[in-house]
Amino acid sequence: VKNGIKVKIPFKDSEKIGYIRRVVHKEAHARPIIEVKENLGIPESHIKFLMSAAERYGTNLDSILKFVKAGPLSQVEPSSKRFRPRFQFTKDFTFEDLVEEIKVSSGRTLVIAPTDRELVHIKQEIGLYLDSEEKCIFGLRSAIMQHFADLKNIVIFDEFSEHYRERKSPYWHTRDLAILRSRSEPIKLRFVSALPSMELLQ
């Protein structure tokens with residue numbers, strides 16, 4: 001039994017579904033676990049972030065947790081050799097600067113892109129400079145919901161893209177959750193965009 005496990009327990013005359021938020025190793029009266037529904041293994045600090053996300057969008061924790069994956073993020077493959085993403089760097093911060101930040105970081109960096117094609121391109125470009133792929137994690141919009149051990153940085157490309165808004169309730173946005181997460185966890189957040197949104201400038 002560990003944090004983040006979805007379980008079924010008896011409650012009065014019925015059965016309820018809930019999540020284990022904290023494991024305490026001491027004698028205590030507790031309801032028995034009837035069934036383990038899903039084993040996400042989420043630490044308490046990350047559950048706090050997810051709860052703040054649920055509060056931000058006026059929903060319950062279960063509606064947020066359905067976007068948290070039990071397994072690793074899927075790998076994407078190139079679909080167009082001619083494709084070039086729309087993001088651009090400035091004179092004050094270049095692609096080489098980003099790679100150097102990833103290299104010298106004491107932990108791992110989560111890189112998020114709006115589409116498969118952009119993610120593949122970014123992964124290929126960053127891969128040319130990194131000696132180890134373990135320093136970087138690559139994902140699409142729902143990657144912002146996932147827990148990764150030793151995560152220190154989040155980089156989001158083209159945050160103005162419409163692909164970052166979830167089409168299903170509660171209609172969360174990757175940019176907003178990234179900002180929320182950086183406030184609740186010791187994570188450095190960076191946006192790389194040719195056209196920053198008004199929300200980001202505010």
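Visitor: Which residues is Thr-174 in contact with, once its neighbours within four places in sequence are left aside?

Guide: In this predicted model, Thr-174 is in contact with Ile-112, Arg-141, Ile-144, Ile-156 and Tyr-164, when those sequence neighbours are set aside. Thr-174 itself has its place in helix 5.

Visitor: Does one read Thr-174 as buried or exposed?

Guide: A residue is called buried when its relative accessible area is under 20%. Thr-174 has a relative accessibility of 0%, and therefore it counts as buried. In the chain as a whole, 42% of the 202 residues count as buried.

Visitor: What lies 3.4 Å from a polar atom of the side chain of Thr-174?

Guide: At that distance of 3.4 Å from the side-chain polar atom of Thr-174 one finds the backbone oxygen of Arg-141, and Arg-141 is also one of the residues in contact with Thr-174.

Visitor: How should I read the way helix 1 and helix 5 cross?

Guide: One compares the directions of the two axes, and an angle over 145 degrees would count as roughly antiparallel, while 65 to 115 would count as roughly perpendicular. The axes of helix 1 (residues 44–56) and helix 5 (residues 174–184) come within 10 Å and cross at roughly 135°, so the two helices are oblique to each other. Their crossing is right-handed.

Visitor: Which residues make the contact between these helices?

Guide: Helix 1 contributes His-46, Phe-49, Ser-52, Ala-53 and Arg-56, while helix 5 contributes Asp-176, Leu-177, Leu-180, Arg-181 and Ser-184.

Notes:
Residues are numbered from 1 along each chain as its sequence is written. This is a predicted model: local features need pLDDT of at least 70, side-chain atom pairs count only at pLDDT 80 or more; totals for chains, interfaces and linings use all residues. Side-chain values use heavy atoms; hydrogens and water are left out. Axes are lines fitted to C-alpha atoms, for helices over the stretch in contact, and angles run from 0 to 180 degrees between N-to-C directions. Helices (H or I, at least four residues) and strands (E, at least two) are DSSP runs, numbered from the N terminus. Angles under 35 degrees count as roughly parallel, over 145 as roughly antiparallel, 65 to 115 as roughly perpendicular and the rest as oblique. A crossing is left-handed if the near helix is turned anticlockwise from the far one by less than a right angle, and right-handed if clockwise. Contact means heavy atoms within 4.5 Å. Buried means under 20% relative accessible area, exposed over 50%, partly exposed in between (1.4 Å probe, protein chains only). A polar contact is a pair of N or O atoms within 3.5 Å; within protein, one must be able to donate a hydrogen and the other to accept it, and residues adjacent in sequence count only if both atoms are side-chain atoms.
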